[in-house]
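Reader: I'm new to this, so please pick one single part and walk me through it slowly.

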Amino acid sequence: MAVKFFGQFLLERGAVTREQLLEAVAYQEAKNLKLGDYAVSKGYLTAEQLTRINDEQQRTDMRIGELAVLMGMITRPKLDELLMMQKNDHVMIGEAFVRKGLLTPDVVERELVAFREDQRPYAHSVATAPEGSDDAVVASADITMKMLQRVAHVEAKLGDAAPVEMIPTDAYCAVSVKFSGDSNSEYVLCFTRELAARIAVSFVGTTTVTDADIKDGAREFCNIVCGNVMAVMARKGKAVEISPPKDLMPGSSITEGRKALCYMIATSALGSQALIIS
Amino acid sequence: MSKKRVLIVDDSGLVAKQLAKILEDSGEFEPVGHGQNGLEGIKLFTSLKPDVVLMDLVMPEMDGLQAIRSIMALNKNAQIVVISSAGGVGEKVVEALKFGARSVISKPFDAQKVIEVIKGLA
């Protein structure tokens with residue numbers, strides 16, 4: 001069980017074949033145009049204007065719509081109207097299967113029910129963050145709790161977020177994963193040896209694990225959490241990439257100029273863990 | 001009937017151990033090798049000639065997408081299953097399927113699901 005896309009869920013269940021999934025995705029890709037192309041198709045921008053915006057985008061990291069407004073090619077109300085139209089025209093993967101005649105509406109509906117049931121544990125947020133925090137911050141805290149339960153069978157409680165300046169010195173190990181794209185947060189999870197060992201044992205399914213396994217398990221756990229955060233963010237329309245997990249030294253400072261929040265995670269009999277996101 | 005031979009390519013030794021155990025416990029599959037990056041995966045594919053490859057996507061030196069392309073160029077009938085670090089790597093999984101991967105398994109693994117997916121390969 002993990003946060004996943006409906007198409008992937010169907011493939012893993014054997015409800016569709018790889019070829020059918022690719023056919024539906026190709027249909028989606030043809031129908032769900034990027035904003036610039038969509039604006040041209042609807043007559044809000046000319047092809048020449050879009051080329052100029054694309055050229056300008058090479059020099060900035062701004063979104064197409066924002067650039068179009070900034071360059072005076074479209075007004076803010078028109079952009080909002082366009083975004084709304086694009087959202088309404090968006091073809092979901094289930095709809096794509098139906099339109100291509102690959103699945104019937106009944107089957108899609110039945111599979112959606114199963115999908116929602118599969119994803120139910122991930123649907124509700126338990127974490128809160130100060131106003132203005134990156135969405136990935138809340139999602140990271142939330143998924144960490146759920147994965148502790150799912151992977152390590154550890155019931156944990158999440159405390160309030162508080163700012164911190166360094167990785168706790170008493171951590172057995174600390175692992176960092178950086179988000180990029182629509183989030184510039186960094187996920188850092190600090191482990192006691194007991195918790196990291198519990199996770200490693202759970203991964204391997206045997207009672208004996210080496211120190212290398214334990215640290216590997218900590219990295220893998222963070223990789224899974226952040227991969228799931230990507231899925232949550234994607235559902236919100238945000239494209240986020242993650243770096244491979246990297247070890248951090250306990251006691252080291254948070255990168256200068258960045259903010260870090262520490263969520264205390266209380267776990268039964270396994271000590272408290274600090275989750276830090278900067 | 002002989003067991004199907006499975007090559008695991010994942011930079012995490014722990015994940016490889018976990019998958020190897022799932023395969024062994026099934027009694028139907030035999031883990032025959034472990035590559036820690038795409039390059040090692042290609043070399044092991046060539047030397048071991050496995051029936052199935054389980055391939056992670058995000059790895060150092062050479063990622064899974066490049067490795068899938070290379071393996072499919074070597075043998076267009078290769079049976080590759082993507083190990084998705086999360087369902088979240090939607091676009092990369094689709095890209096891997098376009099390159100020729102047959103299916104996908106998500107972490108954290110559900111042992112039964114892993115075996116079902118591999119058994120479901122044509």
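Author: Start with α5(A), which gives the largest share of the lining of the second largest cavity, three residues. This is a predicted model, where local features need pLDDT of at least 70 and side-chain atom pairs 80 or more, while totals for chains, interfaces and linings use all residues. Residues count from 1 along each chain as its sequence is written, chains are lettered from A and ligands numbered from 1 in the order written, and side-chain values use heavy atoms, without hydrogens or water.

A search of the whole structure turns up three cavities of 30 Å³ or more.

So who sits around this one? The lining (residues with an atom within 4 Å of a point) is made up of A:Leu35, A:Ala39, A:Leu45, A:Ile64, A:Gly65, A:Ala68, A:Ile74, A:Leu79 and A:Leu82. In chain A, α3 (35–41), α5 (64–70) and α6 (76–89) are the elements that each put in two or more residues; helices here are DSSP runs (H or I) of at least four residues, numbered from the N terminus.

Methods: 1 Å grid on protein atoms, 1.4 Å probe; cavity = no way out; pocket = protein on both sides within 12 Å on 5 of 7 lines; lining within 4 Å. Points joined across faces, edges and corners; volume = space filled by probe spheres on them.
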